[in-house]
Amino acid sequence: MALAFDEFGRPFILLRQQEEKSRLRGLDAQKANVSAGKAVARILRTSLGPKGMDKMLQSPDANDGATILEQMDVDNQIAKLMVELSRSQDYEIGDGTTGVVVMAGSLLEQAEKLLERGIHPIRIAEGYEMASRIAVEHLERIAQKFEFGLNDLEPLVQTCMTTLNSKMVNRCKRRLAEIAVKAVLAVADLERKDVNLDLIKVEGKVGGRLEDTELIYGITVDKDMSHPQMPKRIENAKIAILTCPFEPPKPKTKHKVDIDTVEKFQTLRQQEQKYFDDMVQKCKDVGATLVICQWGFDDEANHLLMHRNLPAVRWVGGVELELIAIATGGRIVPRFQELTPEKLGKAGLVREKSFGTTQDRMLYIEHCANSRAVTIFIRGGNKMMIEETKRSIHDALCVARNLIRNNSIVYGGGAAEIACSIAVDAAADRYPGVEQYAIRAFADALDAIPMALAENSGLQPIETLSAVKNQQIRENNPNCGIDCNDVGTNDMREQNVFETLIGKQQQILLATQVVKMILKIDDVISPSEY
């Protein structure tokens with residue numbers, strides 16, 4: 001076997017006597033699958049925790065586990081399962097994407113040792129299933145209810161700060177956590193314990209500092225007024241939201257119109273002007289003070305709108321139109337004939353704002369009739385920073401949403417995993433069969449997260465883990481974790497480092513399910529063999 005590099009500097013492996021290689025089946029295939037899964041986990045392991053390293057891909061660099069895996073070019077089918085695992089965690093919970101892959105990789109590592117000892121993969125999978133149930137039940141027992149109210153947001157902010165600790169944006173974690181919490185509470189239905197994250201729009205623009213990120217109780221549109229002389233500030237705006245263009249109807253036939261005299265041209269021009277006139281007059285008649293249109297309009301219509309003192313915005317995207325309609329309580333109008341005063345949206349203030357030296361302009365629609373649509377507007381020095389901040393904010397929003405759905409928490413810094421590891425190890429004695437080996441292996445695998453945290457923080461991993469585990473058993477305190485930030489205490493309650501219960505449970509369950517799936521695969525067939 002030899003290592004070579006292609007023209008892009010990417011390494012690949014040359015296998016000698018490749019044509020003599022036979023297909024892997026049975027135990028050999030399972031071991032190869034385990035190796036592929038471990039390889040993916042090994043890549044992510046070093047990026048876990050607040051002191052985790054970043055990865056530079058051949059596209060913008062990233063720190064978030066889900067992002068790294070999404071942008072990696074993965075060909076192996078088992079490695080693709082690990083990518084799907086990370087994506088599932090991101091979709092369901094929004095946080096813990098790196099941890100779930102590291103956990104799965106550790107379970108596969110332990111499974112490899114058991115396969116070497118001759119234990120059947122199905123028995124390992126069953127043992128893992130039992131152990132995951134024990135761990136999830138133990139998490140329920142050590143979880144604590146987490147009380148917060150509209151007047152006391154500090155607990156929610158602290159939880160979001162824990163999430164942002166391990167991101168690139170951790171220097172502004174306090175400000176971003178507060179923005180995320182306020183945004184979630186603005187759109188939350190606290191009675192039903194439900195949050196519609198679609199109502200939170202996350203926008204970013206290069207320029208300014210990360211500290212300039214702001215929460216807008218309304219909508220921002222990356223557009224400006226269609227004419228530079230239109231007013232830049234409209235109070236108590238009544239907005240007509242149109243999906244019909246400001247232009248004369250086009251003939252729906254393939255015939256052409258011949259104009260052979262000046263009179264005919266004048267007639268056509270007057271007719272067109274009358275169309276524009278009627279359209280603008282219709283908007284004025286229903287009481288609109290601002291027109292937002294999905295399509296464009298030509299210079300003549302633009303001049304007429306300005307002349308008739310009707311500000312307008314053109315080329316606004318469909319998704320933005322929907323958000324504007326939700327926020328302002330307006331209706332999207334497909335035809336001018338259907339425009340009525342009841343269909344107008346209402347906003348307390350519409351203003352155009354320009355930024356920095358480039359004088360980029362954006363439209364702010366604020367103090368809307370339905371204030372349950374908000375925008376987080378991110379500033380940053382470059383595009384990569386904006387994208388990373390968007391991902392970090394998404395994680396913080398998901399954590400706040402999860403706490404509103406279920407306000408139970410467990411302590412972070414590896415404390416929950418160490419407590420589960422102790423509980424699973426103790427429970428293994430109750431199972432007399434071969435499964436107890438797999439249950440003990442599961443307990444060892446749970447130690448991978450605190451071990452990786454200690455390693456990434458520059459601590460002695462085995463020594464640190466042993467000391468914390470011993471402290472948990474001695475003091476019967478499940479809140480002891482790894483002191484990554486070197487604060488001087490292992491008690492995560494004092495450090496205010498905690499995670500949502502459902503996030504941690506989902507991590508263990510998802511990792512177990514994927515590992516069971518990988519262990520049950522004993523042959524990988526190519527599509528040509530079907």
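1. The model is a predicted one.

2. Apart from residues up to four places away in sequence, Asn406 touches Lys145 and Ile502. Between Asn406 and Lys145 there are 261 residues of sequence separation, yet the C-alpha to C-alpha distance is 8.9 Å.

3. As to the chain overall, the secondary structure comprises 17 helices and 17 strands. The protein chain has 530 residues, of which 51% count as buried. When contacts between residues at least 6 apart in sequence are considered, 74% of them join residues at least 24 apart.

4. Which residues touch the most other members of the largest nonpolar core? They are Met82, Ile124, Tyr128, Val424 and Phe442, in a core of 64 residues. Helix α4 (residues 97–116) supplies the largest share of this core, with ten residues. A second, separate core has 45 residues, among them Ala288, Leu310, Leu323 and Ala373. As general background, nonpolar side chains in soluble globular proteins tend to be buried together.

5. The surroundings of Phe442 can be listed. Leaving out residues up to four places away in sequence, Phe442 touches Met103, Leu107, Tyr128, Ala131, Ser132, Ala135, Val424, Ile508 and Thr512.

6. Gln110 is found in helix α4. Is Gln110 buried or exposed? Its relative accessible area is 12%, and Gln110 is therefore buried. Neighbours within four places in sequence aside, Gln110 is in contact with Tyr128, Ala441, Asp444 and Ala445.

7. The packing of α3 (residues 77–92) against α4 may be examined next. Their axes come within 8 Å and cross at roughly 140 degrees, so the two helices, α3 and α4, are oblique to each other. The crossing of α3 and α4 is right-handed. On the α3 side the contact involves Met82, Leu85, Ser86, Gln89 and Asp90, and on the α4 side Thr97, Val100, Val101, Ala104, Gly105 and Leu108. These contact residues divide into six nonpolar, four polar and one charged.

8. Helix α13 (residues 435–446) and helix α14 have axes that come within 5 Å and cross at roughly 25 degrees. That angle makes α13 roughly parallel to α14, since angles under 35 degrees fall in that class. Asp444, Ala445 and Leu446 of α13 meet Ala448, Ile449 and Pro450 of α14. The contact of α13 with α14 is made up of five nonpolar residues, no polar residue and one charged residue.

9. Helix α14 (residues 448–456) also meets helix α15 (residues 461–475), with axes that come within 8 Å and cross at roughly 125 degrees. The pair α14 and α15 is therefore oblique, and the crossing is right-handed. Pro450, Met451, Ala454 and Glu455 of α14 make this contact with Pro461, Ile462, Thr464 and Leu465 of α15. The residues of the contact of α14 with α15 comprise six nonpolar, one polar and one charged.

10. Two residues call for attention on account of their backbone angles. Most residues other than glycine have a negative phi. Asn309 is not a glycine, yet has a positive phi of about 60 degrees. Asn309 lies in the loop between α9 (299–307) and β11 (312–313), and its relative accessibility of 54% means that Asn309 counts as exposed.

11. His367 likewise is not a glycine, and its phi is positive, at about 50 degrees. Where is His367 placed? His367 is in strand β14 (residues 360–368). With a relative accessibility of 56%, His367 counts as exposed.

Key:
Residues numbered from 1 in each chain as written. Predicted model: local features only at pLDDT ≥ 70, side-chain atom pairs only at ≥ 80, totals over all residues. Heavy atoms only, no water. Axes fitted to C-alpha atoms, helices over the stretch in contact; angles between N-to-C directions. Helix = DSSP H or I, 4+ residues; strand = E, 2+ residues; numbered from the N terminus. Parallel < 35°, antiparallel > 145°, perpendicular 65-115°, else oblique. Left-handed = near helix turned anticlockwise from the far one by under 90°. Contact = heavy atoms within 4.5 Å. Nonpolar A, V, L, I, M, F, W, Y, C, P; charged D, E, K, R; others polar. Core = buried A, V, L, I, M, F, W, Y, C linked by side-chain atoms within 4.5 Å. Buried < 20%, exposed > 50% of the residue type's maximum accessible area, 1.4 Å probe, protein only.
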